[in-house]
Amino acid sequence: MNPGGESMQTLPLGVDYIRFLPEIVLSIFGMIVMVLDPLVDEQRSQKHLGMVALLGTLTALAATLLMSQYPGSAFWNMIQVDSFSVFFHFLVIAVAALVILSSYEYMTVQRIRAGEYYGLILFGAVGMALMSSAVELVLIFIALEISSISTYILAGFRRREAISSESSIKYFLLGSFATAFFLYGVALMFGATGSTSIWQISQVLHSRVPLLAYVATAFMFVGLGFKVASAPFHVWTPDVYEGAPAPIVGLMSTGPKAAVFAVLLRIFFQANAPGRFWLIWVSAALSMTLGNVAALVQTNIKRLLAYSSIAHAGYLLIAFAVPQTAIADTGISSAMFYTVAYAAMNVGAFAVVSHLAGAGEHRVELEDYAGLGRRSPLLAATLTIFLLSLIGIPMTGGFFAKFYVFSAALKANLVVLTIIGVINSAIGAYYYLRVIVLMYMREPREETALPRVPIGVGITLAITAITTICLGLFPGRVVNYSLRSAHELVHPEMSATDIRRPSVIR
Amino acid sequence: MLHLALFSIFGAICVAGAVNLLVQRHPINSALSLIAVMTSLAVEYLLLGAEFVAAVQVIIYAGAIMVLFVFVIMLLNAGEEERTRGSRVAILFGIPGVLLGGVLVAWTLIQRSGTDEVALGALPGSPTIIGWLLFHDFLLPFEVTSLLILIAIMGAVVLAGKPEAETQQTGKGH
């Protein structure tokens, strides 16, 4: 029985596995961590397992490099390796590596058991990486669930704090609800086009657009909008971020978000899902405004950064509103640049927060940052870099991120949306500057010595700060790469690959 | 004709069961009406020619999963649900919202979707084809699902285990 006709070959080829190699490597290392967990001594397990996990992410980065040499699709058009997916593979795996690095000391201070923690980060990274290369809605759904479920669990890892369990259960319940919306959207899209493959959906939608496809797009956007914390699906964000362990917040506000943005880019620009303009417009405007205004009154640094992440999701969504014409490339590439810049500054900011939080995360109020400039000049300086980048001051990655998004929007004649974005950037500057003023111009509340910055956090801060500044000074390479991948995404026929055997459902 | 009649009857049972599920205030009653929903869905699948999916629906959803549901309800000893102000507000806005959404989706479904029309029961749904799809075209999602299940198990172990503080203290006591 072979309904496919063309796809006679019954076993995956060797090259298929290379195109899937980073995910395989991450899964294997995740399992190694879990097997080693009971074998190593409890006191020393933290560091050792962390090293293994870090080694896993570094190997996965190498595997991504190998994978990038073999563009094309694998496993019967389930995943596709192009420069777009390579870009997001690098991003999410690097985020996972940095979060693992910044977790070393944190784990000891908070007395969290290491085994499952590192394992879940690695498995979550599998889901995120897979999301960026999957070109089949069913696989995207499974990858989305892998990444979401591991973050639900990671959010509840501070077992002795009720607030952490609250965060986990809230995230889980609302997240499952949102996933159901996404799944319903996938089912409707299948009903409208007869396929779940991004490539075939785009072909069907090129010839005619059934009304059902609009409903399907809206449902999928509800599900994915929740995952990127865009308004009006953002309500969970501050509570979840407040309760979850600080390094994990650094992970879940960047890694899964970047992956979901990759999925959104594929659904909107590659599969041509119709009717995105007003969905995106309203959601972007609401996210920016609600996020920034609510952040003004926060007194807890984690909640402040949570609202800031909602606002940044809004800025990023602006890029998605560009029409499917020649300028689509600019929109996509500006969105990709934004995810990188945002990942660098946010992982860095949360590394500082998790270092300063102390046992039980008691020092997360803004007041605790008063006088940090005197108590630890270097730490304050790095946090200042990240905050300036979050504002979008020139010479930082955040500036070019906003600049490219706004200029793409202006090219697409989205004047009102751009104005809303610029006004919001100005509002946002206030609460980021407030933290900087607190750090440098106020007396510290307590004169106790700060713990020394451990080496893991130090490396994380160095890498993220240098990345943030480099993106602000020499954005060219990343922009060129993202432009090229955007071009491949919109015009897949241009990229010389051996893909697109038709699927069997007929 | 018989097909259409059966389809409509079981469709009606399915919707009625789903509404009853929401209206009932005792969790056990809701669980029982969920069984009615699952079973009538299985009949619908059968009528559409998907006999394998229908069998799986009965065995897994109406069987295994519902048993778990009922067990959990029994274990938690869940009593009658209480109506709070929040739930009244939810009803106030939820029912019109659901009706509006339902009408919208139904209306778009009635519109010609553009995909080719097929007669009831004409689509292939035999175990052979499903097996081919599952282990050939959808091999990767099938395999990756194992990772998903592994993570779920890890989550259960982590979140249900004793917090570290207690285990450490008992460890010191020895």
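Helix α3 of chain B covers residues 51-76, 26 residues in all. From first C-alpha to last it reaches 36 Å, close to the 38 Å expected at 1.5 Å a residue. Still, the helix isn't straight throughout: α3(B) bends by about 30° at B:Met66.

**Where the chains meet**

Now for the contact between the chains: 39 residues of chain A are in contact with 31 residues of chain B. On the chain A side, α5 (114-133), α6 (137-155), α7 (162-193) and α9 (211-227) each supply at least two residues. The largest share, eight residues, comes from α6(A). By type, the chain A residues that touch chain B split into 23 nonpolar, nine polar and seven charged.

**Cores**

The largest nonpolar core has 201 residues. Those with the most contacts inside this core include A:Val92, A:Ala96, A:Ile121 and A:Val405. Helix α15 of chain A (residues 328-357) gives the most to the core, with 20 residues.

**A proline in a loop**

A:Pro210 is found in the loop between α8 (198-207) and α9 of chain A. Is A:Pro210 buried or exposed? A:Pro210 counts as buried because 22 other C-beta atoms lie within 10 Å, and the cut-off for that label is 20 or more. The C-alpha atoms of A:Pro210 and A:Met189 are separated by 9.7 Å, though the two are 21 residues apart along the chain.

For the complex, the predictor gives an ipTM of 0.88 and a pTM of 0.92. Chain B averages a pLDDT of 83, and 86% of its residues score at least 70.

| Helix | Residues | Mean pLDDT |
|---|---|---|
| α7 of chain B (lowest) | 164-173 | 45 |
| α6 of chain B (highest) | 139-160 | 92 |

Over residues 166-174 of chain B, pLDDT stays under 50, and the model has one contact beyond four places in sequence for that stretch. Where pLDDT is low, the predicted coordinates should not be read in detail.

Terms used. Residues numbered from 1 in each chain as written. Chains lettered and ligands numbered in written order. Predicted model: local features only at pLDDT ≥ 70, side-chain atom pairs only at ≥ 80, totals over all residues. Contact = placed C-beta atoms within 7 Å. Helix = DSSP H or I, 4+ residues; strand = E, 2+ residues; numbered from the N terminus. Nonpolar A, V, L, I, M, F, W, Y, C, P; charged D, E, K, R; others polar. Expected span 1.5 Å × (residues − 1). Bend = angle between axes of the 7 residues up to and from the residue. Core = buried A, V, L, I, M, F, W, Y, C linked by C-beta atoms within 7 Å. Buried ≥ 20, exposed ≤ 12 C-beta atoms within 10 Å, placed from the backbone. pLDDT = per-residue confidence, 0-100.
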